[in-house]
Every structure is written in C-alpha cells, then in structure tokens.
Amino acid sequence: MAGLWSKHTHFEGIRLMKPVMRTAVLALSLFAAPAFSAGQLQGQLNVQITIGTGCTVTNGTAGGSSNTFGSLSFGNYNDLANLIDGRSFGSAGGSSFGLQCSLGTAYSIALNSGQNATGGQRRMINSGAYVAYNLYQDSGRSQAWGDGGATGTVLSGTGTGTNEEVIVYGRVPAQTTPSPGTYTDTVQVTIAW
C-alpha cells in the first residue's frame, strides 16, 4: 500500500483541496461580513385618542382628596347697617375659579347651605354668634344659588370646550351687628355632568 501513494496522488489531493478551501472561505465570508445591501420595510402605526365627556376646574387647588375652588371675602366692616357685596376669587389667585367642560357636555354647579345654615339662610359663625349672607349666580344678585332646595337653584350650562369663569356673588344683608371678630363658613361646591 505504501507503494500506491505517489507524488501524483499527493498533488491530486492538494488540487482537490483548493476548491473545498475556496468554498469554505467563501461560506465563512458570507456569515462574517455585514449586510450592506439597501432595503426598505413599510408598515402601519395606529394612532388614537379618545375624547371623553367631563369637566375640569381651573384656578383652584387640590390636595389629597380635597379641592379648594376659591374664597369669597366680604372685607372688614365696623357695622352691618347696610348691604355688603362680595364675589369669589380662585384659590390660585386672580379671577374666580373656572370650569372647562367638553364641548356639548351638560353640567350643573350646586352650592350647599354651608355648615351653619338655619332654614334657607346661610350664616357665618364666630363664637356662637352669626352673620347672615346669601350667594347668587348673577352680579345683580337676583338669582339665588343653591342646591335646588331652600337656598336656591343650581347653575346649569353646556360646555364649550374652553375655560369659563365661574363667579359666585355674595351679599350680606343689613342686620344687627354682632360682636367683633372674624366670621366664617364653608360651602360645598358640587359640579356634576
């Protein structure tokens, strides 16, 4: 068998190896080389927004589960012999609080009787003494504002999609002047849509 091996056979093996090597080198270069070919893929991206109905209070403040829409201060007076008018201001300063409801959304704003009312009369309190007051929907103070009960009607409207200022007008009627001090009350505002 040793005699069968010849120079000629040795060269035949090398010649056969060259195409195998070339094929292997080519195959490796295909796997190792990055793909530089230009291409393009297309597809769709679905985009969506849902506009719901609702209302947002502006120029108010919120902390935890409590919302503060503003305040109404009648100022400082020595006596209550004459009418005293006031209006609300937003808790964030400036004008009164605002309401921005979705376009076409019907809403209502109700004001309860406060914490010290008797019958249909709202009252501020200080050390067991009271000062009567009323709240209104209009600057002429002819449309009492309440919760639909004894203190007046609710304010109703339809959202425009923009911010609308909501002013609460107040009036302290002429009455006997109680002891000096700061008189306060808290009225619950309910906005429904």
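Select Arg 87 and Phe 89: Arg 87 lies over the face of Phe 89, 4.7 Å from the ring centre. A charge counts as over a ring if NZ of Lys or CZ of Arg is within 6 Å of the ring centre and within 35 degrees of the ring normal.

The model is predicted, so local features need pLDDT of at least 70 and side-chain atom pairs pLDDT 80 or more, while totals for chains, interfaces and linings use all residues. Residues are numbered from 1 along each chain as its sequence is written, and side-chain values use heavy atoms, with hydrogens and water left out.

Next, select Arg 123 and Tyr 130. Arg 123 sits over the face of Tyr 130, at 3.5 Å from the ring centre.

Now select Cys 55 and Cys 101. These form a disulfide (cysteine sulfur atoms within 2.5 Å), with their sulfur atoms 1.9 Å apart. The torsion about the S-S bond of Cys 55 and Cys 101 is about 110°, so the disulfide is right-handed. Cys 55 lies in strand 1 (residues 55–58) and Cys 101 in strand 6 (residues 98–101), so the pair ties together parts that are 46 residues apart in sequence. Strands are DSSP runs (E, at least two residues), numbered from the N terminus. Both Cys 55 and Cys 101 are buried, meaning under 20% relative accessible area (1.4 Å probe, protein chains only).

Last, go to Asn 134 in strand 9 (residues 129–136). Leaving aside neighbours within four places in sequence, Asn 134 is in contact with Gln 121, Tyr 169, Gly 170, Arg 171 and Pro 173; contact means heavy atoms within 4.5 Å.

Notes. Helices (H or I, at least four residues) and strands (E, at least two) are DSSP runs, numbered from the N terminus. Buried means under 20% relative accessible area, exposed over 50%, partly exposed in between (1.4 Å probe, protein chains only).
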